[in-house]
Amino acid sequence: MSEELEYYINKDLTNIFGGIDISSLSNYQKRQMIFDYLSNTLTYDWNLYFKIFLREISKANNEYINRNFKLELAYLIKHHKGVCISIASYYKLLLKRVNI
């Protein structure tokens, strides 16, 4: 991860847990807090979704959208906007950061 992305990840972790001692929380509590935070702060990127969807139904037009999952995740981390795979990947990344 770049320093810039690390900054955003650490900022989100601070927003999630504030001054709480993470070691005092159960894994369930940590998962719930991360899930609630992401549910309240992320928005679904419908524009990207429709580009992906339209590509799938109009492959005959030879239009191709480059799906770079690392770039989608980076965009989500910085802008809090993404599609399913980037949202799930960020949730997983945050869980790993709190040792789950």
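Arg-97 has a relative accessible area of 33% and therefore counts as partly exposed, a class that lies between buried (under 20% relative accessible area) and exposed (over 50%), as found with a 1.4 Å probe and protein chains only. The structure is a predicted model, in which local features need pLDDT of at least 70 and side-chain atom pairs count only at pLDDT 80 or more, whereas totals for chains, interfaces and linings use all residues. Residues are numbered from 1 along each chain as its sequence is written, and side-chain values use heavy atoms, with hydrogens and water left out.

Arg-97 takes part in a salt bridge with Glu-6, in which the closest N and O atoms are 2.9 Å apart; the term denotes a side-chain nitrogen of Lys or Arg within 4 Å of a carboxyl oxygen of Asp or Glu. Because Glu-6 belongs to helix H1 and Arg-97 to helix H5, the pair ties together parts that are 91 residues apart in sequence. Glu-6 is likewise partly exposed, its relative accessible area being 23%. Side chains of opposite charge can pair when their charged atoms come close.

The whole structure contains 2 salt bridges according to the search, and one of them joins the side chains of Glu-4 and Lys-78, with an N to O distance of 3.3 Å. This pair links distant parts of the chain, since Glu-4 lies in helix H1 and Lys-78 in helix H4 (residues 69-79), 74 residues apart. Glu-4 is partly exposed at 42% relative accessibility, and Lys-78 is also partly exposed, at 31%.

The chain holds 5 helices and 2 strands, where helices (H or I, at least four residues) and strands (E, at least two) are DSSP runs numbered from the N terminus. In order from the N terminus, the elements run α-α-β-α-α-β-α. Helix H1 (residues 3-17) packs with helix H5 (residues 84-97) at an angle of about 75°, their axes being 11 Å apart; the axes are lines fitted to C-alpha atoms, for helices over the stretch in contact, and angles run from 0 to 180 degrees between N-to-C directions. H1 and H5 are therefore roughly perpendicular to each other, a description that covers angles of 65 to 115 degrees. On the H1 side, the residues that meet H5 include Glu-6, Tyr-8, Ile-9 and Leu-13, while Tyr-90, Leu-93, Leu-94 and Arg-97 are their counterparts in H5.

Helix H4 also holds Glu-72, which counts as buried because its relative accessibility is 11%. Apart from neighbours within four places in sequence, Glu-72 is in contact (heavy atoms within 4.5 Å) with Leu-48, Arg-67, Val-83, Ile-85 and Ser-86. The C-alpha atoms of Glu-72 and Ser-86 are 6.0 Å apart in space, although the two residues are 14 apart in sequence.

Of the 100 residues of the chain, 32% count as buried. The chain exposes about 6800 Å², of which carbon and sulfur atoms supply 55%, with accessible areas taken from the Shrake-Rupley method with a 1.4 Å probe and, for residues, only the protein chains shown counted as cover. On this surface, Trp-46, Tyr-49, Phe-50, Phe-53 and Leu-54 form a nonpolar patch that has about 500 Å² of accessible area together. Patches are made of residues with over 30% relative accessible area and no salt bridge, like charges being joined within 9 Å and nonpolar side chains (Val, Leu, Ile, Met, Phe, Trp, Tyr) within 5 Å. Leu-54, a residue of helix H3 (residues 46-57), is partly exposed at 46% relative accessibility.

Definitions and conventions. Parallel < 35°, antiparallel > 145°, perpendicular 65-115°, else oblique.
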